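Here are my notes on this model, for you to read with the structure open. Take the points in order and find each piece as you go.

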Amino acid sequence: MTERTLPRLDVESTAGPLHLPHDLLGQWLVLYFYPKDNTPGCTTEGQDFARLSPAFAALGARIIGVSRDGLKSHAGFRAKHGLPFDLISDQNEALCRAFDVIKPKKLYGKEYLGIDRSTFLIDPQGVVRLEWRGVKVAGHAEAVLAALQAAR
């Protein structure tokens, strides 16, 4: 089995352009993928990570959220909910596909491709150490924090 690492990609974020993996190496990274800005589950998940962000920072970890929303939407989402971390706009789905989080979904009988709520804990060398797929929001940020504490 080969190790999964951060892909080589250039992405746009609320902090400006990021060159992966280079710009995210040297610290632990919580990379969480969510379906859409300003929806109930995604808002709760963002707020949970925001509430715990000082504890993540104390452990040397950076949090970054990823969705297919544009930067304007991300900026509004961050401001409205006081999210202290950056968000990546992955409108071309390159990062989502690299982490295999685009999955068939169904809503009101209609099928479509969407982001499967997923989180990846990545070490300072860019290696994925843990992953959560099909995430249920309640208690998730706390579980990721506990995993980071155990992994360090």
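1. Strands here are DSSP E runs of at least two residues, and helices are H or I runs of at least four, numbered from the N terminus.

2. A word on the source: this is a predicted model, where local features need pLDDT of at least 70, side-chain atom pairs count only at pLDDT 80 or more, and totals for chains, interfaces and linings use all residues. Residues are numbered from 1 along each chain as its sequence is written, and side-chain values use heavy atoms, leaving out hydrogens and water.

3. Now look at the partners of β4. β3 and β4 pair in the parallel sense over 6 bridges (pairing takes at least two DSSP bridges), with W28 opposite A61 in β4. β4 also pairs with β5 (residues 86–89), again parallel, over 4 bridges, and G65 stands opposite L87 in β5.

4. Next, α4 (residues 140–151). Its buried residues are H140, A141, V144, L145, A147 and L148.

5. Finally, check F49. Which residues does F49 touch? Leaving out residues up to four places away in sequence, F49 touches V30, Y32, F56, I63, F85, T119, H140, A141 and V144 (contact is heavy atoms within 4.5 Å).

Key. Buried < 20%, exposed > 50% of the residue type's maximum accessible area, 1.4 Å probe, protein only.
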